[in-house]
Amino acid sequence: EGAATPPTGNLEAIPLSRFLDETCIVSSDQAAPARALYIAYLRWCDENREKPWRQRNFGLALTGLGFRRRRRGQGRHWWMGIAVRSGTSESV
């Protein structure tokens, strides 16, 4: 069984919005490593019995919500404008 794919309709109605509300800080001065953010999302999905998206679809959905991905030190990708709240995910 494949991972769920993002719907093309109302992005507010999808579990990603709950993940962002419950797990993340959304602010222009925040940034999160892409891998750490995706792992936090997978943990959240597991805890909330949601079917996780593949990493590519997760990234497309974040882009659709207006977040931007940047390559920073050592070629790692970071999501700008978002971070995982401390205490909601183990460090990666």
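Mentor: Two strands count as paired if DSSP finds at least two bridges between them. A strand here is a DSSP run of E with at least two residues, a helix is a run of H or I with at least four, and both are numbered from the N terminus. Keep in mind that this is a predicted model: local features need pLDDT of at least 70, side-chain atom pairs count only at pLDDT 80 or more, and totals for chains, interfaces and linings use all residues. Residues are numbered from 1 along each chain as its sequence is written, and side-chain values use heavy atoms, with hydrogens and water left out.

Now zoom in on β3 (77-84). Towards β1 there are 6 bridges, and the two strands run antiparallel. Look for Ala-31: its bridge partner in β3 is Met-80. Towards β2 (residues 68-71), β3 pairs over 4 bridges, again in the antiparallel sense. Here, too, you'll meet Met-80, because two strands pair through bridges: Arg-68 stands opposite Met-80 of β3. β2 and β3 form a hairpin with 5 residues between the strands, where Gln-74 has a positive phi near 60°.

From α1 we can move on to α2. The axes of α1 and α2 come within 11 Å and cross at roughly 105°. The two helices are therefore roughly perpendicular to each other, a label for angles of 65 to 115 degrees. Their contact (heavy atoms within 4.5 Å) involves Pro-15, Leu-16, Arg-18, Phe-19, Glu-22 and Thr-23 on the α1 side, and Leu-37, Ala-40, Tyr-41 and Trp-44 on the α2 side. By class, that's 7 nonpolar, 1 polar and 2 charged residues. Nonpolar covers Ala, Val, Leu, Ile, Met, Phe, Trp, Tyr, Cys and Pro; charged covers Asp, Glu, Lys and Arg; the others, Gly among them, are polar.

One more step takes us to α3. Helix α2 (residues 34-47) and helix α3 (residues 55-64) have axes that come within 11 Å and cross at roughly 100°. That makes α2 roughly perpendicular to α3. Ala-34, Leu-37, Tyr-38 and Tyr-41 of α2 make this contact with Gln-55, Phe-58 and Leu-62 of α3. The classes here are 6 nonpolar, 1 polar and no charged residues.

Technical notes:
Axes fitted to C-alpha atoms, helices over the stretch in contact; angles between N-to-C directions. Parallel < 35°, antiparallel > 145°, perpendicular 65-115°, else oblique.
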